[in-house]
Amino acid sequence: MSVDTDTVKRVARLARIAVTEEQASQMTGELNVILGFVEHLREVDVAGVEPMTSVIPFEMRKRADGVTDGGIAADVVANAPATEDNFFLVPKVVE
Amino acid sequence: MTDLTRLTIAQARERLRAKEISALELTDAYLNAIDSSNEALNAYVAITHDKARDMARASDERLSAGEGGALEGIPLGIKDLFATEGVHTQAASHILDGFKPRYESTVTANLWADGAVLLGKLNMDEFAMGSSNETSYYGPVTNPWRAKDDDKALVAGGSSGGSAAAVSGFLCAAATATDTGGSIRQPAAFTGTVGMKPTYGRCSRWGTVAFASSLDQAGSITRDVRDAAIMLKSMASVDLKDTTSVDLPVPDYEAALGQSIKGMRIGVPKEYRVEGMSDEIEALWQKGLEWLKAAGAEIVDISLPHTKYALPAYYIVAPAEASSNLARYDGVRYGLRVPGKDITDMYEQTRAKGFGMEVKRRILIGTYVLSAGYYDAYYVQAQKVRTLIKKDFDDAFHAGVDAILTPATPSAAFGIADEELAADPVKMYLNDVFTVTVNMAGLPAISIPAGLDSKGLPLGLQLIGRPFEEETLFRASYVIEQAAGHFQPEKWW
């Protein structure tokens, strides 16, 4: 399978990365090289094979559903580019 | 007086305990070395002079009270991927500009609890995506090693290039590193150092910036095998904050060193004899087998038939997980923000400016293979192939193989800004051909320096072990180290 520039632009949109026309066309070539490389996987007979979900055969540890952390709003927003009263500030999203 | 920066952890530990040197002296020796050498090597992206001296003074107090921990007063470099409270943590990316976490990663917290000293944060490929440390926002790391009669700058490998260069160039006693497809073992091989990648689940991933969560594992780069055993003992723990952290006691790895390997069965996978492999690598591999045999190991030929599919499967699984993990960098909660005409534009502009080319490529591949209509064809297929890759190893281990010996890399270190590699992303990916299978199967592996090539550059061998049998790897790699000797670059920097 290979991708065209329109597909690259659509995927970049899904990934929320702005790309110029020139970048999209350069990436199309690069992505097709990588997709060509992974194409080899189709040769493998995977009939009856389960997809890997965990490399270690241990059951995932679970904990009681309780509050273990919190009350640190100032720490949570400390690294944000824009905040007010411990809220994150973003461009207007509702009219 | 001997140069304190040349001491291994074990040697420094002895001198500190005997009070022949102080932790502050040792830390100052390293800080001086960093201040005078970092411009040439670019191994550190942040140097924590004050914190290092404060920690060293505290270590001296504990040492004089006779209460020192296992790493008391040992100065370490920390890969920029580990969250360090109040200290530069950016995964060598522009998108995490100014990020100083309010928390400490479990691995580094364990090291500080044992008395280690933080010298600073080490350069790396951006978000650990690369094999040459050239994708870093802070520029490439220069390998302390150069070819004979040649002053061309070589890469230190990647993604843990800063860790490898700092250990090899005497800018820290040891370093933390992480390995998703070979990021500890390949740079270690390129710099004549020991690179230990433990079993998936042995070291907590909590507080380590995520790249591909099902493959990422923290480990170390050290001057020798003993130091690798010392580091793992402190780094490994059972951590309730990481659900994949395994509930198994942490053994005294150092005790495994010097134990006999008589009767140990070492597998030699025929699939690793790849096309175009250099005679030098082949000869080194043979030499490694002879050393192990001479120490009483039994060498057995094995087959890992799905080896050649590991790299293609990796380049689906890793980007898919990365595209999901890196969705969090949105210009809202931390790091860089580039203003836009609305919130979506703000996201898109921020991510366009904040991520470098290699990271963008992988996010796009990951987004594509997870997108509607392609998920089964790519992602599910790759995860099925991954099951087969792991089964290959399981079969070998069930047949009685204790460890597997392979070359660590297909070549010695290459030049910075190599045109052929820059032109074709897949060529760069092939650097990980011997290491990536291990991550796909979640196994432990160690890269040990085993010799120099005809240009005088270090080459490494890799030992792969059964899950959670790191001790077997320490035993066997110690035998190789004893036979091969140690390798240090000639100082030019």
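**Two helices, then two chains**

Modeller: H1(A) and H2(A) are roughly perpendicular to each other. Keep in mind that this is a predicted model.

Colleague: At what angle do the axes of H1 and H2 of chain A cross?
Modeller: They cross at roughly 105°. Angles of 65 to 115 degrees count as roughly perpendicular, so that is the label for H1(A) and H2(A). The two axes come within 9 Å.

Colleague: Which residues make the contact?
Modeller: H1(A) brings A:Thr5, A:Val8 and A:Lys9. From H2(A) come A:Glu21, A:Ala24, A:Ser25, A:Met27, A:Thr28 and A:Leu31.

Colleague: And how do the residues of that contact divide?
Modeller: Four are nonpolar, three polar and two charged.

Colleague: New topic. How many residues does the contact take from chain B and from chain A?
Modeller: Chain B gives 70 residues and chain A gives 49. Together the chains bury about 5,300 Å², with 72% of it on carbon and sulfur atoms.

Colleague: Which residues in chain B lose the most area to chain A?
Modeller: B:Glu348, B:Leu364 and B:Tyr368. Together they make up 12% of what the chain B side buries.

Colleague: How many salt bridges between chain B and chain A?
Modeller: Four. A:Glu43 and B:Lys308 meet in a salt bridge through their side chains, at 3.9 Å from N to O.

Colleague: Which element gives the most to the side of chain B that touches chain A?
Modeller: H12(B), with twelve residues. By class, that side of chain B has 39 nonpolar, 14 polar and 17 charged residues.

Technical notes
Residues numbered from 1 in each chain as written. Chains lettered and ligands numbered in written order. Predicted model: local features only at pLDDT ≥ 70, side-chain atom pairs only at ≥ 80, totals over all residues. Heavy atoms only, no water. Axes fitted to C-alpha atoms, helices over the stretch in contact; angles between N-to-C directions. Helix = DSSP H or I, 4+ residues; strand = E, 2+ residues; numbered from the N terminus. Parallel < 35°, antiparallel > 145°, perpendicular 65-115°, else oblique. Contact = heavy atoms within 4.5 Å. Nonpolar A, V, L, I, M, F, W, Y, C, P; charged D, E, K, R; others polar. Buried area = accessible area lost by both parts, 1.4 Å probe.
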